[in-house]
Amino acid sequence: MSSQPKIYIAGHRGMVGSAIVRHLRATGLSPESLVLRTHAELDLTDQAAVRAFFATEKPEQVYLAAAKVGGIHANNTYPAEFIYQNLMIEANIIDAAFRNGVKKLLFLGSSCIYPKLAPQPMREDALLTSTLEPTNEPYAIAKIAGIKLCESYNRQYGQSHGIDYRSVMPTNLYGPGDNYHPENSHVIPALIRRFHEAKTNNAPSVAIWGTGTPRREFLYVDDMAAASVHVMNFDKATYDQHTQPMLSHINVGCGNDITIKELAEAISKTVGYQGEITFDPSKSDGTPRKLMDSSRLNALGWPKFAWKKVCFRPTGTSFRPIGNHENNNPNAHGIADATQRRIGYLGQHIERTTRTAIGCLGGKPRHGCCSSAK
Ligand SMILES: NC(=O)c1ccc[n+]([C@@H]2O[C@H](COP(=O)([O-])OP(=O)(O)OC[C@H]3O[C@@H](n4cnc5c(N)ncnc54)[C@H](OP(=O)(O)O)[C@@H]3O)[C@@H](O)[C@H]2O)c1
């Protein structure tokens with residue numbers, strides 16, 4: 001029998017789940033020890049199906065990276081789907097894990113759990129201190145419920161059943177497998193797509209919503225995956241020393257932010273767009289700043305991400321032609337139309353080079369041209 005633990009990664013075809021799979025495989029885990037199910041094979045909102053799956057597979061550890069995810073537009077348009085599906089996925093998995101003897105589980109949340117006007121940088125204890133950003137409140141409430149599910153199962157069953165369920169709250173992520181949907185994507189893939197299309201169509205300018213002054217933090221998804229595995233495996237005594245039973249989640253950010261203007265310029269330059277970048281101040285800027293305080297993560301032995309303000313490295317990208325490749329993660333809403341698959345595929349080739357620019361601006365330690373710093 002294999003001495004490696006049997007690990008279920010929920011959402012393994014998503015951006016975060018696939019990065020966790022990459023990281024676990026790179027650290028020597030055999031394919032046989034990973035339990036993976038696509039959405040079509042197992043609908044995680046179906047309680048009976050989830051219970052049957054856990055009872056049959058009996059995984060020993062779970063990474064909960066399955067979720068209904070999207071940007072502001074998607075959150076505003078589908079609030080019922082965002083709160084219902086995320087609550088169901090979390091409740092079904094966490095309860096079925098407990099019932100089937102899973103001792104270790106890591107829940108993936110998001111920085112949107114914090115109040116709209118939380119003091120910056122945002123510490124873990126800002127949770128539930130004030131009102132949330134209205135546009136993604138249903139999603140945030142579901143994510144907060146996920147944290148509280150983990151904490152409540154730990155408090156009730158931690159000693160009697162030896163379970164240890166933890167939560168990480170990543171900042172904005174980007175990387176392979178991102179969602180390039182024209183309306184439902186996050187800011188980095190949205191800008192990559194817009195600049196790429198503007199270049200292809202020789203558009204004279206690209207207008208960015210808002211003033212360009214809001215500051216945002218970005219982390220490369222493979223760094224997030226590595227930090228997640230670190231948190232999952234950290235020894236319990238030290239973990240308990242740095243967390244509290246009812247305030248146990250851990251922020252994961254790179255510790256530095258950049259303005260939307262800087263981000264747009266970095267992406268435009270790497271994509272090779274020659275036109276003008278304009279800003280439309282009539283559109284909302286959203287929160288002026290969103291930066292995580294990741295000192296709890298650092299206290300748990302994860303090194304601070306390095307930061308180099310000017311480390312931009314244009315790579316003279318040449319894009320591969322659009323082919324008929326099937327992208328694993330076509331979009332956030334299951335609209336598996338051919339156009340979206342092609343954009344996803346194209347985006348992956350763009351982002352390989354764009355990442356260098358953003359990664360360095362964002363302070364990424366191990367995969368870009370920045371050096372690691374303790
Ligand atoms: N992306 C970010 O910037 C970011 C930042 C902070 C935190 N996070 C967190 O990281 C986690 C994963 O995000 P992501 O960016 O990787 O999202 P993603 O790329 O959209 O992946 C989500 C995965 O979950 C699966 N899924 C959704 N509903 C499901 C269901 N009912 N049954 C089975 N599978 C289902 C999806 O499968 P289908 O595509 O087939 O539906 C997909 O594989 C989320 O909890 C999110 O809050 C992400």
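Eight aromatic pairs are counted in this predicted model, where rings of Phe, Tyr and Trp (its six-membered ring) pair if their centres lie within 6.5 Å, and where planes under 30 degrees apart count as stacked, over 60 as edge-to-face and the rest as tilted. One of them joins Phe53 and Phe54 in an edge-to-face arrangement, with 5.3 Å from centre to centre and 85° between the planes. Phe53 has a relative accessibility of 6% and therefore counts as buried, a word that stands for under 20% relative accessible area, whereas exposed stands for over 50% and partly exposed for values in between (1.4 Å probe, protein chains only). Phe54 is buried too, with a relative accessible area of 0%, and Tyr8, Phe53 and Phe54 form one aromatic cluster.

Residues are numbered from 1 along each chain as its sequence is written. Because the model is predicted, local features need pLDDT of at least 70 and side-chain atom pairs count only at pLDDT 80 or more, while totals for chains, interfaces and linings use all residues, and side-chain values use heavy atoms, with hydrogens and water left out.

Another edge-to-face pair is formed by Phe82 and Tyr139, at 5.8 Å centre to centre and 75° between the planes. Phe82 lies in helix H4 (residues 79–99) and Tyr139 in helix H5, so this pair ties together parts that are 57 residues apart in sequence; helices (H or I, at least four residues) and strands (E, at least two) are DSSP runs, numbered from the N terminus. Both Phe82 and Tyr139 are buried. The charged end of Lys68 sits over the ring of Phe82, 5.4 Å from its centre, and Lys68 also lies over the face of Tyr78, at 5.8 Å from the ring centre, the rule being that NZ of Lys or CZ of Arg is within 6 Å of the ring centre and within 35 degrees of the ring normal.

Ser111 counts as buried because its relative accessibility is 5%. Leaving aside residues up to four places away in sequence, Ser111 touches Met122, Pro170, Thr171, Lys290 and Met292, where contact means heavy atoms within 4.5 Å.
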